[in-house]
Amino acid sequence: MSVRVLVTGGAGFLGSHLCDALLAESHSVVCVDNLLTGRSSNIEHLRNETRFEFQQADITQPFDFGAVEYVFHLASPASPVDYTNYSIETLKVGSLGTFNALEVAKKYRVRFFFSSTSECYGDPLEHPQKATYWGNVNPIGLRSMYDESKRFSEATVMAYHRTHKVDTRIVRIFNTYGPRMQLNDGRVVPNFMKQALRGDDLTIYGDGRQTRSFCYVADEIEGFLRLAKSDEHLPVNIGNPNEFTMLECAEIVLRVTGSKSRLRFEPLPPDDPKQRRPDITKAHTLLGWEPKVSLEEGLKLSLDYFRSAVEATA
Ligand code: NAD
Ligand code: UDP
């Protein structure tokens, strides 16, 4: 059955891939975005798609673009560089924006999907992280505007679920990468790919032994869709459990790009989590989901995009 779906943050990296996936399932999509960290080029290919509608709007203000059958709420700066530059905007979209998006779901009595984050776990003391872990977050640290906005949003989603009986879903997303990431958002994959393709030094923060687990965007979006169709309203981790140090990640980027770049060590930003890996047992059991694309394969699939993006800035 095809329905009209609303996607906040739909012109961003993940949002635009979600719009593509929903359109591919024959739905109509209303994409709402203020282009704070997203780009119209991410949805340019949908310009002539009759089932796609773009509304440029700031969701920290109440909004209503007509009846919809599902609300996907993804709007929020997501990279450490972006949420540092836009700290107040991040707190507002993760509070006022979440209320406004939930009000739409409440008004039309439809399901609501919230994109939360592994940052809810902070610098985790439990490893790997299960969705039942409450986290180890610095409430006033340099990541707090993002981490706490997401934790606040999760609490708001649960309050609407319990009080107003809104049918809600919460995904905790772990580091996801792929085509359409902004080249300059400061995240490790675009940084390393850009540096490798330009022949610049790869910047390793700290000693490079901190870990992350990287999920290719197509796997992540498949996980979103399965969770969206499930009945689970408690948080579910969607991410790739293969864990890499940043040194290992740099090595793979050099291999995939064939670059001769060297490594340059720079100071570790404060509050940078030392390790991160999802326990995806719940997603596997509940949704039959697991990621299929390895980091090396995913970087190969992303290479053309990063090469064109680097050439466009040359
Ligand atoms: P992104 O910056 O590419 O996309 C976010 C989008 O939200 C942008 O298009 C931006 O313009 C829009 N936006 C921000 N504030 C808005 C506002 N007030 N009104 C309307 N639109 C607004 O980031 P992304 O990587 O695609 O992340 C999407 C979502 O997934 C975010 O909620 C993020 O917290 C979450 N997430 C992403 C990752 C990841 O690895 N990419 C990891 C964890 C969580
Ligand atoms: N990082 C790095 N070099 C860079 C950018 C990031 O070593 O040029 C490190 C960063 O310190 C962190 C990891 O890579 O430990 C992942 O950073 P990213 O910003 O991609 O995501 P997050 O820290 O939010 O997981």
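User: Why is the crossing of α1 and α6 called right-handed?
Analyst: A crossing is right-handed if the near helix is turned clockwise from the far one by less than a right angle, and left-handed if anticlockwise. The crossing of α1 and α6 is right-handed, so the near helix is turned clockwise here. This is a predicted model, where local features need pLDDT of at least 70, side-chain atom pairs count only at pLDDT 80 or more, and totals for chains, interfaces and linings use all residues. Residues are numbered from 1 along each chain as its sequence is written, chains are lettered from A and ligands numbered from 1 in the order in which they are written, and side-chain values use heavy atoms, without hydrogens and water.

User: At what angle do the axes of α1 and α6 cross?
Analyst: They cross at roughly 60° and come within 10 Å. Axes are lines fitted to C-alpha atoms over the stretch in contact, with angles from 0 to 180 degrees between N-to-C directions. Helix α6 spans residues 217–229; helices are DSSP runs of H or I with at least four residues, strands runs of E with at least two, numbered from the N terminus.

User: Which residues of α1 and α6 meet?
Analyst: Phe13, Leu14, His17, Leu18, Ala21 and Leu22 of α1 meet Val217, Ile221, Phe224 and Leu225 of α6. Contact means heavy atoms within 4.5 Å. By class, this contact has 9 nonpolar, 1 polar and no charged residues. Ala, Val, Leu, Ile, Met, Phe, Trp, Tyr, Cys and Pro count as nonpolar, Asp, Glu, Lys and Arg as charged, the others, Gly among them, as polar.

User: What makes the pair of ligand 1 and phenylalanine 13 a polar contact?
Analyst: A polar contact is a pair of N or O atoms within 3.5 Å. An oxygen atom of ligand 1 is 2.8 Å from a polar backbone atom of phenylalanine 13, so the pair qualifies. The protein covers 97% of the 810 Å² of accessible area that ligand 1 has on its own, by the Shrake-Rupley method with a 1.4 Å probe.

User: Which element gives the most to the shell around ligand 1?
Analyst: β5 does, with 3 residues. The shell has 13 nonpolar, 12 polar and 4 charged residues.

User: How many residues surround ligand 2, and which are closest?
Analyst: There are 18; Val188, Thr203, Arg212, Asp272 and Arg276 are closest. A residue is near a molecule if one of its heavy atoms lies within 4 Å of it. A polar side-chain atom of aspartate 272 lies 2.6 Å from an oxygen atom of ligand 2. For arginine 276, a polar side-chain atom lies 2.7 Å from an oxygen atom of ligand 2.

How values were computed: Polar contact = N/O pair within 3.5 Å; in protein donor to acceptor, adjacent residues only side chain to side chain.
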